[in-house]
Amino acid sequence: MSVSIYNTLTRQKEALVPETDTFRMYCCGPTVYGPAHIGNFRTFLVQDALRRTLECSGVKVAHVRNITDVDDKTIRESRKLGIPLAEFTKKWEDKFHLDCDRLNMLRPTVEPRATEHIAEQLDMVSKLVENGHAYAAKDGSVYFKISSFENYGKLSGIDREHMATQALNSAGEANVADEYERENVSDFALWKGRKPEDGENFWKSPWGEGRPGWHIECSAMSKKYLGDTFDLHGGGIDLCFPHHENEIAQSESATGKSPCVRYWFHSAHLMVEGQKMSKSLGNLYTLDDLLKRGYTCAQIRYALLSGHYRQQLNFTFKGLDDAKSALAKLSKGIGGALERAGMDFGDFQKEAVSPLGRFGGTIFEPAWNALCDDLNIPRALGEIFAALPKLDGNRRDISALGSLMYALGIDLGGEPQAYETEADVPEEVSKLAQMRWEAKKNRDFASADELRKRVSELGWTILDGKDGFKIKKS
Ligand SMILES: [Zn+2]
C-alpha cells in the first residue's frame with residue numbers, strides 16, 4: 001500500500017510516488033544558535049515518521065536536511081560572546097544532533113551547512129541576475145524581483161495585495177534599513193551587502209562583500225543534492241510563506257523547470273497547555289527541560305507524535321503521563337506475546353530493525369492502513385491498542401508490530417519497564433530514579449551518582465538491568 005499525505009501545493013491528499021528509484025525529500029533544518037525547542041522537534045519528528053513509514057512501505061528514501069549556520073541571529077549571538085561564528089554554530093549543531101539521537105530520529109542522508117555552500121548559492125544568484133529575475137541594489141545586496149515570477153503565491157495562496165504587509169511581518173528577512181534599496185517592498189534578499197554588524201562574517205561576490213540571504217540556501221542545496229526537481233519538501237506551516245514560496249520562485253526561475261517540488265508537506269503548530277509557545281510565557285521547552293522533570297526521551301517522542309500532523313497539537317504534561325502509560329502497555333503486550341512465541345526481546349528488536357513491513361492479513365493491518373492514509377498516527381495508535389489484546393504468539397503479527405514500531409520510531413528497549421510494577425514506590429523516588437536512568441544513558445555519570453545518592457537517602461535502592469531498572473526498599 002502506498003503512503004499518502006496532504007499536498008499543500010495541490011490542496012489534496014495524494015499518494016507519494018517517487019519520480020525515480022529513490023524518494024527524494026528535502027526538509028528545512030534548524031538555525032543553530034541555541035537549543036531547539038519541542039515545537040521545532042515536533043516538525044522534525046513528523047518528518048522522521050514519514051521517512052520511516054515510506055521505508056516500511058518498501059521505498060528507498062534520500063533525506064536532506066540543511067543546517068542554517070549563518071543568519072542575523074547566529075551572527076549576533078556569536079559576536080555577543082566574542083567567539084568565531086563557526087565555533088559558535090558547531091556547538092549548537094552538536095547539541096541538536098545529540099537531542100535528535102535521543103529522540104530516536106534517523107540521521108538525514110545528507111546534512112549540508114549553508115556556510116559550506118556559498119559557491120552554489122552565488123551561482124544561483126548570478127543565474128537569477130542574468131535571466132532578469134533578480135537585480136543588484138546600491139548597497140551591494142541582490143533582490144529577487146517578485147513581479148518577474150508569474151506563479152508567485154501558488155503554494156500559500158497569498159495574493160499580491162496582502163504580500164507587502166505580510167512580508168514586513170515575516171521573520172528575519174525584512175528590516176527597515178533595506179527598504180530603501182528594494183524596487184518593491186515584497187522583493188526579498190538573495191544576497192545581503194556587508195554591514196558593520198556582520199563583523200568578520202562575509203564572503204566575496206560579484207556585487208561586493210556580503211552574505212547569502214536565508215531563502216537561497218535551501219534552493220541551492222536541494223538542487224545540489226536532489227536535483228533541479230525532486231519529490232517532497234517539508235517544513236513547519238510557518239515556513240509556507242514566505243520561505244517556501246520564495247524557494248519555489250528562486251528554484252523555478254533559475255532552472256526553468258516546474259514544479260521544482262511535487263509534494264509539499266507542512267506540519268501544524270504546537271501549543272503548550274493550550275497556549276501559544278512564547279518566551280514570555282516560559283513554555284518554550286527544550287528536551288533538557290522535560291528530561292529534568294523526569295520524563296524519558298521515548299515518552300517525549302510519543303507525546304509529540306500523538307496528534308495528527310495537520311492539526312495543532314496541544315502538548316501537555318498530562319499527555320506525557322499518558323505517553324508513559326501507553327508505552328508501558330505496549331511493553332507489557334509485546335512481552336506477553338514474545339513469551340508465548342518463545343522469543344526474547346532481542347529477537348523482537350531484530351524484527352523491528354528490519355523496517356520492511358508485511359502487514360497483509362495480520363491484526364495490525366488496520367494500523368498500517370491508518371499510517372499510509374495521510375500519516376494518521378493517532379488513528380494508527382488507536383488501531384494498535386485495539387489489536388493488542390488479540391496479540392498472541394503469532395509470529396507474523398509480532399513481526400508486523402515490530403515494523404510499526406520502526407515506522408513510529410518507538411524503541412521499547414530504551415524504556416525502563418521494571419518500576420512500573422512497583423506500585424508502592426513514591427512518585428518522588430520513581431522520578432529521581434528515572435532521571436538517574438536518563439543521566440546514565442546520556443553518560444552524565446556525575447549527575448547519575450548524585451541522583452542515586454538522593455534515592456538512597458529516601459530509603460530506596462536502584463538495581464540496574466540491561467533494559468531498565470528496579471527500585472527496592474533499602
Ligand atoms: Zn528552507
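This is a predicted model: local features need pLDDT of at least 70, side-chain atom pairs count only at pLDDT 80 or more; totals for chains, interfaces and linings use all residues.
Reader: What is the order of the strands in the open sheet with parallel pairing?

Author: The sheet has 4 strands and is open. Its edge strands are E4 and E10 (261–267), and each of these pairs on one side only. E3 and E9 stand between them, which gives the order E4-E3-E9-E10.

Reader: Which helix makes a β-α-β unit with E3 and E4, and what is the hand of the unit?

Author: The helix of this unit comprises residues 38–56. Together with E3 and E4, helix H1 makes a β-α-β unit that is right-handed.

Reader: What is the bridge partner of Gly 234 in E10?

Author: Strand E9 (residues 230–236) pairs with E10 in the parallel sense, over 6 bridges. Within E10, the bridge partner of Gly 234 is Phe 265.

Reader: Which strands does helix H7 touch, and what angle does its direction make with that of E4?

Author: Helix H7 spans residues 214–226 and packs on the sheet. The strands it touches are E3, E4 and E9. With the direction of E4, the direction of H7 makes an angle of about 150°.

Reader: Which residue of E8 stands opposite Gly 193?

Author: Strand E7 (residues 188–193) pairs with E8 in the antiparallel sense over 3 bridges. Gly 193 has opposite it, in E8, Gly 210.

Reader: How many residues of domain 1 are in contact with domain 2?

Author: The domain assignment gives domain 1 as 4–267 and domain 2 as 272–414. Their centres, taken over C-alpha atoms, are separated by 31 Å. Domain 2 brings 30 residues to the contact, and domain 1 brings 27.

Reader: Which element gives the most to the side of domain 1 that touches domain 2?

Author: The elements that give two or more residues to this side are strand E1 (4–7), H1 and helix H3 (85–102). The residues of this side divide into 12 nonpolar, 8 polar and 7 charged. With 13 residues, the element that gives the most is H1.

Reader: Is Ile 363 buried or exposed?

Author: Ile 363 lies in the loop between helix H12 (345–353) and helix H13 (365–372). Leaving aside neighbours within four places in sequence, its contacts are Ala 387, Lys 390, Leu 391 and Asp 397. A residue needs 20 or more other C-beta atoms within 10 Å to be classed as buried. Ile 363 has 21 C-beta neighbours inside 10 Å, so it counts as buried.

Reader: How many Å apart in space are Ile 363 and Ile 146?

Author: In sequence, Ile 363 and Ile 146 are 217 residues apart. In space, taken from C-alpha to C-alpha, the distance between them is 53 Å.

Conventions:
Residues are numbered from 1 along each chain as its sequence is written. A crossover is right-handed if, with the strands pointing away from the viewer, the path from the first strand over the helix to the second runs clockwise. Two strands pair if DSSP finds at least two bridges between them. Two residues are in contact if their C-beta atoms, placed from the backbone, lie within 7 Å. Axes are lines fitted to C-alpha atoms, for helices over the stretch in contact, and angles run from 0 to 180 degrees between N-to-C directions. Domain bounds come from an automatic or database domain assignment. Ala, Val, Leu, Ile, Met, Phe, Trp, Tyr, Cys and Pro count as nonpolar, Asp, Glu, Lys and Arg as charged, and the others, Gly among them, as polar. A residue is buried if 20 or more other C-beta atoms lie within 10 Å of its own, exposed if 12 or fewer, and partly exposed in between; C-beta atoms are placed from the backbone.
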